[in-house]
Amino acid sequence: MFVRSMLFVPATKPAMIDKAVASAADAVCLDLEDSVAPEEKATARANVVAALQRLDFGPRLRIVR
């Protein structure tokens, strides 16, 4: 797969994840590292699991960082 565009989304922002999945980006990276404060890590992990279960990413590459 050739990736021209990749969106990095903080996993603490479910609405931003939804928008990224609806975009024309070739890849969506759900970020659990730099964009997430240590006290929000558990919530961010739960958001990633929920997003991967409920959203249709279509042909987009899904990355969890």
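# Exercises on a predicted model

Leaving out neighbours within four places in sequence, Ile17 touches Val9, Pro10, Ala11, Leu30, Ala51 and Leu55, where contact means heavy atoms within 4.5 Å. The structure is a predicted model, in which local features need pLDDT of at least 70, side-chain atom pairs count only at pLDDT 80 or more, and totals for chains, interfaces and linings use all residues. Residues are numbered from 1 along each chain as its sequence is written, and side-chain values use heavy atoms, with hydrogens and water left out.

## Exercise 1: Ile17 and its helix

Find the element that holds Ile17, and state whether Ile17 is buried or exposed.

Step 1. Ile17 lies in helix α1. Helices (H or I, at least four residues) and strands (E, at least two) are DSSP runs, numbered from the N terminus.

Step 2. The relative accessible area of Ile17 is 1%, so Ile17 is buried. Buried means under 20% relative accessible area, exposed over 50%, and partly exposed in between (1.4 Å probe, protein chains only).

Step 3. The buried residues of α1 are Ile17, Ala20 and Val21. They span an arc of only 95° around the axis, which places them on the same side of α1; the arc is that of the directions from the helix axis to the C-beta atoms.

Step 4. On the face turned away from this buried side, α1 carries the exposed residues Ala15, Lys19 and Ala22.

Step 5. The cover over the buried residues of α1 includes β1 (6-10), β2 and α2.

## Exercise 2: The core

Name the residues with the most contacts inside the largest nonpolar core.

Step 1. A nonpolar core is a set of buried Ala, Val, Leu, Ile, Met, Phe, Trp, Tyr and Cys residues joined through side-chain atoms within 4.5 Å.

Step 2. The largest such core has 14 residues, and those with the most contacts inside it are Ile17, Val28, Leu30, Leu55 and Phe57. At least two of its residues come from each of α1 (14-22), β2 (27-31) and α2 (41-54).

Step 3. Take Leu55 from that list: beyond its neighbours within four places in sequence, Leu55 is in contact with Ile17, Asp18 and Val21.

Step 4. As background, nonpolar side chains in soluble globular proteins tend to be buried together.

## Exercise 3: The sheet

Work out the strand order of the open sheet, then list bridge partners along β2.

Step 1. The sheet has three strands in the order β1-β2-β3, with parallel pairing. β1 and β3 (61-64) are at the edges and have a single partner strand each, so one side of each has no neighbour in the sheet. From one strand to the next, the twist averages 20°. Two strands pair if DSSP finds at least two bridges between them.

Step 2. Five bridges join β1 and β2 in the parallel sense. Along this pairing, Phe8 has Cys29 as its bridge partner in β2, Val9 stands opposite Leu30, and Met6 stands opposite Ala27.

Step 3. β2 and β3 pair in the parallel sense over four bridges. Here Val28 has Arg62 as its bridge partner in β3, and Cys29 has Ile63.

Step 4. Five of the five residues of β2 are buried, so β2 is largely enclosed by the rest of the structure. Both of its faces are covered, with Ala27, Cys29 and Asp31 on one side and Val28 and Leu30 on the other.

## Exercise 4: Crossovers and a loop residue

Which handedness has the β-α-β unit made by β1, α1 and β2, and where is Lys13 placed?

Step 1. The unit of β1, α1 and β2 is right-handed. A crossover is right-handed if, with the strands pointing away from the viewer, the path from the first strand over the helix to the second runs clockwise.

Step 2. Lys13 is in the loop between β1 and α1. Lys13 has 41% relative accessibility, so Lys13 counts as partly exposed.

Step 3. Lys13 and Ala44 lie 31 residues apart in sequence, while their C-alpha atoms are 8.1 Å apart in space.

Notes: Axes are lines fitted to C-alpha atoms, for helices over the stretch in contact, and angles run from 0 to 180 degrees between N-to-C directions.
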